[in-house]
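I opened the model today and kept short notes.

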Amino acid sequence: MTKGLEGRVAFITGVARGQGRAHAVRLAREGADIIGVDICAPIETMTYPNASEADLAETISLVEKEGRRMVGRKADVRDYAGLSAAFQEGLAEFGRVDIIICNAGIIRMGEESDDFLADWNDVIDTNLTGVFHTVRAAVPALRAGGRGGSIVITSSTAGLKGSASLNSSGCAYTAAKRGIVGLMQNLALELAPESIRVNTIHPTGVVSGMTQNEAMAQLMEQAAAGGENGISGMLNALPIEMLQAEDIANAVAFLVSDEAKFITGVQWPLDAGFAVR
């Protein structure tokens with residue numbers, strides 16, 4: 001593809017680093033301007049740091065280096081009013097939206113906190129309700145454009161098959177990522193007559209802030225030593241331990257392009273064969 005998204009605008013959540021940043025840069029390279037949000041603040045139940053405001057500023061800089069514009073705002077997908085206000089600022093700047101990428105997501109690594117219900121609620125509120133908030137905030141403008149469009153929701157291999165766990169955050173993660181599929185199917189059916197396509201992607205492990213941190217390193221060390229934990233049975237079929245964020249972004253760039261104009265309602269594994277093991 002060469003500037004296949006020229007003149008279009010993408011709204012991306014969790015944009016400050018990792019997959020969100022990779023999506024922003026890749027789509028900017030294809031000609032899209034970006035509206036992006038990120039929480040840029042810690043969540044108490046999580047065991048790894050979220051992105052920072054400096055990370056968000058770096059994403060904006062990288063988009064601008066591709067010759068495109070970006071409206072980047074600090075917003076929490078759990079807060080519908082704040083998220084909607086941030087989106088409306090970008091919409092006022094660019095006058096349109098064509099692509100929605102619901103990417104923001106969290107999980108608590110390691111043991112439960114003392115408040116297991118808070119662990120559950122934070123993951124559900126971010127990974128499932130946050131997707132609903134994102135869609136409700138941006139879909140009216142997408143429909144009003146009358147040009148069709150594309151919505152991509154980041155699920156996970158956990159949205160295709162579960163793994164043994166009683167951990168509240170891990171169970172919430174799987175429940176949310178599976179719930180996203182049902183939401184996607186509802187939206188795909190409703191919006192298809194308007195040429196708005198809706199799909200989920202299901203990545204295996206990806207190099208990102210969620211996987212590159214002390215809590216994950218401890219789990220990987222334990223699993224490598226033969227211990228049982230939330231990641232000990234997670235192996236890809238291909239000899240690839242983890243994908244790069246750019247690998248996911250390349251797939252998404254295709255999925256939102258006109259080359260994929262016939263693809264909707266699909267659960268796309270980007271998983272190095274994880275789901276077939």
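I took contact to mean heavy atoms within 4.5 Å. Helices (H or I, at least four residues) and strands (E, at least two) are DSSP runs, numbered from the N terminus. This is a predicted model, in which local features need pLDDT of at least 70, side-chain atom pairs count only at pLDDT 80 or more, and totals for chains, interfaces and linings use all residues. Residues are numbered from 1 along each chain as its sequence is written, and side-chain values use heavy atoms, with hydrogens and water left out.

**Asp122.** I located Asp122 in helix α4 (residues 116-145). Is Asp122 buried or exposed? Asp122 counts as buried because its relative accessibility is 14%. I then set aside its neighbours within four places in sequence and listed the contacts of Asp122: Ile43, Thr45, Arg78 and Ile106.

**Whole protein.** I counted seven helices and seven strands. Along the sequence I read β-α-β-α-β-α-β-α-β-α-β-α-α-β. The protein has 277 residues, and 54% of them count as buried. Among contacts with a separation of 6 or more, 77% join residues 24 or more positions apart.

Conventions:
Buried < 20%, exposed > 50% of the residue type's maximum accessible area, 1.4 Å probe, protein only.
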